[in-house]
Amino acid sequence: MPVQIGNHTAFTLLEVMNSVKKTIEKRYQSSFWALAEIGKLNYYPKSGHCYPDLFYNEDGQLKATMRSIIWKSDFIRIREKFQNQLGVNINDGMKILFEAKIEFSERYGLTLRILDIDVSFALGELALQKLEALQKIKDEGIAEFNKKLQLPTIIKRIAIISVQTSKGLSDFCSIIDNNKYKLEFAIKLFPATMQGDKATNEISQIIKKLSEKRHVLDCIMIIRGGGGEEGLACYNSYELGHAIASCKVPVLTGIGHSTNLTVAEQMANIAFSTPSELANALVNHNKKALDLLMETAKNISYKICNAYSNKKNDFGNLSKIVKIKLSKDLSMSTQKYQNVYALIANNLKSFLPKKQNKFNNTIDLIKISLRSFVDSKRQKLKSDVRILTSKMLAKIQFKQSEITHCQDVAINCDPKRIIKKGFSITTVNGNTIYSASQIKKGDKITSTFVDGSVVSVVEQKN
């Protein structure tokens, strides 16, 4: 009851608080739903309670703020619901639709107690964040960067981001290790959390580091499996999408779901629905490249052998022609000079019989001149023969060098050398097998390795 103190009617603080409590209890007899944004969660692990700072903006201006409370039992229930249905925890900056109740204590004052949070509303907010992340990456002009990177003809050096105990990783490795073509890969695992709050940052940081190792990597693979659709929220974040889109190494994903593509998958070079699909695609990619390589090697070997044979015959014929031509030219030149000398001598003897002595001297001079002329021409012809012979020998040696080079190339393209690199050639009835469609159950197949052959019987064909 109030007391009279002088001219004043006074109430005790307890009476005032009791009056406020009655008014609030009368006005807020039941719980209600409200919209707000979590400024800071203020979770205390020791007590298990949360004291979220809530605020409400309107037209970009702060209109209301209040501290609330989520008791430990309520927080455990709400957190489990978020983790199971969305794969995320309640975080700072999250807009929420929550059920609350106004409570008032004479000792602690007014309290906004949060009883529950609508997960479906939070899911809608996550979808909106996904669209915003996609648009932001597109506005930066890098959405197609990783998609345009060319995968190597043969994918050998692979970095995998996954959890070592993941079922998806186990399925992937099983297919790779047991592939029927005996193809080998150099794989290194980079462990990371694959869902939840930590996943976004861990995966993004690994991708950024691997992006600078493009000279030693053929591709990066993100593999997740064994979880439900609810664990995909982290793959819709801007941070992870940006890291993949801007990566300088092709990124392939197999994160195990069948609904709409996440931001991470849309930014990747190629997205596969499951780790198993990714593994099969990898094996088929390399098998196709190997088949093409073997076929090319055979064609090159065949063409080199034909070229060598043709060049050898050409050089033999050319050598014979040169010898014959040189011998013929030398014989014709000598005979020609002898005929000229005989003709001049005979003419002089018949034309000047009375001046025999004088003309004899002249004839001697002519003989000497002719001999000198014939000798000089003979020397020049011999010199020309030596020069021509030297040039032909040089050309023959050069062509022989080309033939030797072709032989070396043919040896290096020998399928036996290719087999030494870890491949094998499979045949049935003497015919090389390029596809599983060429064999049937019960066939005897021969696998040729570098150190021998193995004969197998096909018991099952998938």
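**Close-up views of a predicted model**

**View 1. Surroundings of the Asn269 side chain.** A polar atom of the Asn269 side chain lies 2.7 Å from the backbone oxygen of Asn146. The backbone oxygen of Leu149 is 2.9 Å from a polar atom of that side chain. This is a predicted model, in which local features need pLDDT of at least 70 and side-chain atom pairs count only at pLDDT 80 or more, while totals for chains, interfaces and linings use all residues. Residues are numbered from 1 along each chain as its sequence is written, and side-chain values use heavy atoms, with hydrogens and water left out. Asn269 is placed in the loop between helix H7 (263-267) and strand S12 (270-272). Helices (H or I, at least four residues) and strands (E, at least two) are DSSP runs, numbered from the N terminus. With a relative accessible area of 12%, Asn269 is buried (under 20%; exposed is over 50%, partly exposed in between; 1.4 Å probe, protein chains only).

**View 2. Helix H3 (residues 119-139) against helix H6 (residues 238-245).** The two axes come within 9 Å and cross at roughly 35° (lines fitted to C-alpha atoms over the stretch in contact, with angles from 0 to 180 degrees between N-to-C directions). In H3, Ala133, Lys136 and Ile137 meet Tyr238, Gly241, His242 and Ala245 of H6 (contact: heavy atoms within 4.5 Å).

**View 3. Cysteines Cys234 and Cys406.** The structure holds zero disulfides (pairs of cysteine sulfur atoms within 2.5 Å). Cys234 is buried, at a relative accessible area of 5%, whereas Cys406 is partly exposed, at 28%.

Key
Polar contact = N/O pair within 3.5 Å; in protein donor to acceptor, adjacent residues only side chain to side chain.
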